[in-house]
Amino acid sequence: MTNLLKADLYRTSKSKSLYVTAIVCVVFVLLSALLYKGIDIVANTLLPGESIMQETPVEGGDIAEMGDMLVGSFGSSTAFTTAQEILKSDTLIYCLIAIFILVSAVEFSSGTIKNSLTAGISRKNIYFSKFTLSCLYTIGYYLVFFVFAILSSMLVYWEGISASQLGELLFTGIRQIPIYIGVIAAAHCFVFATQSTVASVSLFIVSFMIFNTILPMFNMVLGWDMNVTLLFPLYQCIELVNFDVSAINYATIYGSTILYILLFVWFGYAKFKKSEIK
């Protein structure tokens, strides 16, 4: 499997898509920092009780409350808090699509997966070497995302981040990486189960919307317990940015993450092992 992993690493490292996606990720991070800065500037121009829609103070009402909320939420933003907000975003999720297409899906669309099997490489080695490579690229992309989240925030606000704040962000990064490994495990499973780029990307996007948009909306309406919310990957990443995560929340986050990884890796391999290569 080591030789196959090296060959796949060499092949994918020559792809321009790998670097274009990384650049796109950096651009989105910078735009996010600029957006937060813009909101912060608008918030700082408002006094409590003022509205964005009119210049005169508003006495009471929902608009005044929204103005107060805007000032309170963004009026005191810093490079540190902006970096936190960027780390909560789902920017990296969309970059992961490029990873599993480049590492695995292209093998089926080009037909080279058959050549590997004909050459005597076992399905087990193919599946797990590509999963390992996907994990390595996920970690690499996360490092790019993490570093530029900090650098962009410092650049936009033109201020530094203290050593203690940097330590907190690093701690957040270490805790978030397993979550993204769980996400790429699901994407890897979809590729080998469907053997189709379009189908795997569609499944990934639909499942992402269900787990991170639709179900959390039910959570807001039904008032589910926080431990239920933490079963959703994006909300796990958001919660990990908060530094007062309780022990039971940690157990929920990483327990569900390990379960995601094991189930998707097992199902993807079991499906690939018994399926006919198209």
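Contact, as the word is used here, means heavy atoms within 4.5 Å. By that criterion, and leaving aside neighbours within four places in sequence, Phe 100 is in contact with Ala 105, Ile 184, Ala 187, Val 191, Ser 200, Val 201 and Phe 204. The structure is a predicted model, in which local features need pLDDT of at least 70 and side-chain atom pairs count only at pLDDT 80 or more, while totals for chains, interfaces and linings use all residues. Residues are numbered from 1 along each chain as its sequence is written, and side-chain values use heavy atoms, with hydrogens and water left out.

The chain contains 12 helices and 0 strands. Helices (H or I, at least four residues) and strands (E, at least two) are DSSP runs, numbered from the N terminus. Of the 278 residues of the chain, 44% are buried; this term denotes under 20% relative accessible area, with exposed meaning over 50% and partly exposed in between (1.4 Å probe, protein chains only). Among contacts between residues at least 6 apart in sequence, 78% join residues at least 24 apart.

The interior may be considered next. A nonpolar core is a set of buried Ala, Val, Leu, Ile, Met, Phe, Trp, Tyr and Cys residues joined through side-chain atoms within 4.5 Å. The largest such core has 62 residues, of which Phe 100, Phe 145, Leu 169 and Phe 204 touch the most other members. At least two residues of this core come from each of α1 (2–13), α2, α4 (79–88), α5 (91–110), α7 (123–157), α8 (163–194), α9 (197–222) and α12 (247–274). The greatest contribution is that of α7, with 14 residues.

Phe 145 is found in helix α7. Its relative accessible area is 0%, so Phe 145 is buried. Not counting residues up to four places away in sequence, Phe 145 touches Cys 25, Val 29, Ile 86, Leu 87, Ser 89, Thr 91 and Leu 92.

Thr 21 lies in helix α2 (residues 16–44), and Thr 21 is buried because its relative accessible area is 14%. With residues up to four places away in sequence not counted, Thr 21 touches Cys 95, Ala 98 and Tyr 141. The C-alpha atoms of Thr 21 and Tyr 94 are separated by 9.5 Å, although these residues are 73 apart along the chain. Thr 82 belongs to helix α4 and has a relative accessible area of 2%, so Thr 82 is buried. Apart from neighbours within four places in sequence, Thr 82 is in contact with Ala 33, Tyr 36, Ser 77, Ser 153 and Tyr 157.

Of its 20 residues, 14 are buried, so α5 is largely enclosed by the rest of the structure. The expected span of a helix is 1.5 Å times one less than its number of residues. For α5 this span is 28 Å, in agreement with the 28 Å between its end C-alpha atoms. Just after α5, Gly 111 takes a positive phi of about 85 degrees.

Helix α8 has 32 residues and reaches 47 Å from its first C-alpha to its last, close to the expected 46 Å. It bends by about 25 degrees at Gln 176, and Pro 178 follows within four residues. Just after α8, Gln 195 takes a positive phi of about 55 degrees.

Axes are lines fitted to C-alpha atoms, for helices over the stretch in contact, and angles run from 0 to 180 degrees between N-to-C directions. Angles under 35 degrees count as roughly parallel, over 145 as roughly antiparallel, 65 to 115 as roughly perpendicular and the rest as oblique. The axes of α1 and α5 come within 11 Å and cross at roughly 100 degrees, which means that α1 is roughly perpendicular to α5. Asp 8, Arg 11 and Thr 12 of α1 make this contact with Leu 102, Val 103, Val 106 and Glu 107 of α5. The axes of α4 and α8 also come within 11 Å, but cross at roughly 5 degrees; these helices are therefore roughly parallel to each other. Here Phe 80, Ala 83, Gln 84 and Leu 87 of α4 meet Gln 165, Glu 168, Leu 169, Thr 172 and Gln 176 of α8.

Technical notes
The bend at a residue is the angle between axes fitted to the seven residues ending there and the seven starting there.
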